[in-house]
Amino acid sequence: MDGSNIWVIDHKATLSEFSPMNLDGSSWILGVCVLSAINKEHALVKFNAFLKSEEMELIEIYGSQEYSGDFFKDDSRRSTQINNAARMVRDDGQTCYVYARTSEAMAEGIDGNE
Amino acid sequence: MSELRGALTLAEGNPVFRADADIIFNNGKDKKEFVLRTTLDDIGVWKAKHGISISPFKAGNVGAQKWVALIEKDYWVFGIDATNANDIFTAVKIGMTYYKVKAADLLSDIYVKNLNIENEQQLLRELLVKANQKLYEDVCKAIVQAAKLLGVSGILNFYVFSNNKNFKVPKDDLHAALKNGGTDSIETDSHSYRFSVGSNDGKRVFENLISHMHLAKFKV
């Protein structure tokens with residue numbers, strides 16, 4: 001990449017009814033945005049633009065950190081998804097959104113068929 | 001229609017999020033002995049999206065060759081457009097060869113999870129539902145046509161997983177599309193299911209989304 005690094009942003013955001021991220025009629029979502037940026041400030045600007053384009057509004061950022069494989073070595077679903085997203089961002093620079101949990105999915109508890 | 005319990009899946013993405021072809025209505029289980037999985041992506045695109053190493057090989061007749069791979073215990077066929085009867089025909093032929101089964105063993109139960117059009121962001125909202133309806137309608141026609149080409153007759157069960165409130169194709173619009181596709185009957189399971197879901201481009205992953213199961217039956 002062009003000197004950019006990869007950033008991982010944990011957050012909560014609203015979802016509009018017709019947000020491309022809204023597959024189940026949810027009103028909010030928890031997720032991890034993985035994107036490339038030259039520094040943290042740029043990462044946050046890019047993250048806000050992403051939210052806007054997806055018809056989402058930020059509620060809270062829980063954490064934003066520069067990606068390093070050292071932090072995601074466990075085999076949890078979250079780490080696996082972040083590592084795969086980082087690989088794709090490194091390949092083509094396009095923002096990824098993983099480990100998304102919608103308000104509808106959370107409302108009935110996270111235990112499911114999987 | 002058949003002694004052997006198999007199934008065909010359409011429009012698969014990441015194997016982690018593959019369609020559960022064992023589910024039947026009311027949270028029942030009908031364990032399939034073999035499942036033939038198909039994906040629209042060509043093999044190179046698929047590998048780049050999902051970062052999974054596989055040992056693919058080419059199969060099919062001259063002129064209709066497709067890449068195939070054994071992933072866990074299922075054969076996957078790549079580059080299969082679910083709206084194209086000839087593609088489904090080719091995939092089923094490959095499945096018949098490698099599983100050593102009849103066409104009806106694969107086509108009696110067909111599953112698809114969260115089917116929706118590619119590059120949806122380029123579409124206006126009001127066109128999105130219509131485009132997805134057209135997609136479902138075309139898939140219905142293609143599976144019936146493929147069944148005819150393969151000499152299958154009887155009932156085809158087409159199981160569709162899609163949330164009733166999915167704005168891309170809400171329940172009523174989905175049912176209308178399946179009817180336009182020629183189904184003789186359609187019902188929605190009162191039990192809801194949970195799956196993790198990956199987007200078409202693999203760049204978005206949702207955990208434990210609630211999904212509803214719709215069953216359209218086709219008489220061929």
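Predicted model: local features only at pLDDT ≥ 70, side-chain atom pairs only at ≥ 80, totals over all residues.

Let me begin with burial in chain A, where buried residues make up 36% of the 114 residues.

Taken along the principal axes, the box filled by its C-alpha atoms is roughly 40 × 30 × 25 Å. Of the contacts in chain A with a separation of 6 or more, 68% are between residues 24 or more positions apart.

Is Ser68(A) buried or exposed? With 12 other C-beta atoms within 10 Å, Ser68(A) counts as exposed. In space, C-alpha to C-alpha, Ser68(A) is 9.0 Å from Trp7(A), although the two are 61 residues apart in sequence.

Now to the contact between the chains, to which chain A brings 28 residues and chain B brings 23 residues. On the chain B side, strand S10 (185–198) and strand S11 (204–219) each supply at least two residues, and S11(B) gives the most, with seven residues. Sorted by class, the side of chain B that touches chain A holds nine nonpolar, seven polar and seven charged residues. S11(B) is also joined to strand S4 (residues 96–102) of chain A by two bridges, the strands running parallel, and within that pairing Tyr97(A) has Arg204(B) as its bridge partner.

Turning to the interior, nonpolar side chains in soluble globular proteins tend to be buried together. Here the largest nonpolar core has 94 residues, and those with the most contacts inside it are Val34(A), Val98(A), Ile88(B), Val92(B), Leu107(B), Ile110(B) and Ile143(B). Helix H4 (residues 125–149) of chain B provides the largest share of this core, nine residues. To take one of these residues, Ile88(B) is in contact with Ile80(B), Ala82(B), Ala142(B), Ile143(B) and Ala146(B), leaving aside its neighbours within four places in sequence.

In helix H1 (residues 43–50), the buried residues are Trp46(B), Lys49(B) and His50(B), and because they cover an arc of only 75° around the axis, they lie on the same side of H1(B). They pack against strand S4 (34–39) and strand S7 (74–78) of chain B, and just after H1(B) comes Gly51(B), with a positive phi of about 60°.

Which residues are buried in helix H5 (residues 171–180) of chain B? They are Leu174(B), His175(B), Ala177(B) and Leu178(B), and, seen down the axis, they fall within an arc of 160°, so they line one face of the helix. What covers them includes H4, strand S9 (155–161), S10 and S11 of chain B, while the helix is followed by Gly182(B), whose phi is positive, near 105°.

Note on methods: Residues numbered from 1 in each chain as written. Chains lettered and ligands numbered in written order. Contact = placed C-beta atoms within 7 Å. Helix = DSSP H or I, 4+ residues; strand = E, 2+ residues; numbered from the N terminus. Nonpolar A, V, L, I, M, F, W, Y, C, P; charged D, E, K, R; others polar. Pairing = 2+ DSSP bridges. Buried ≥ 20, exposed ≤ 12 C-beta atoms within 10 Å, placed from the backbone. Arc of directions from axis to C-beta. Core = buried A, V, L, I, M, F, W, Y, C linked by C-beta atoms within 7 Å.
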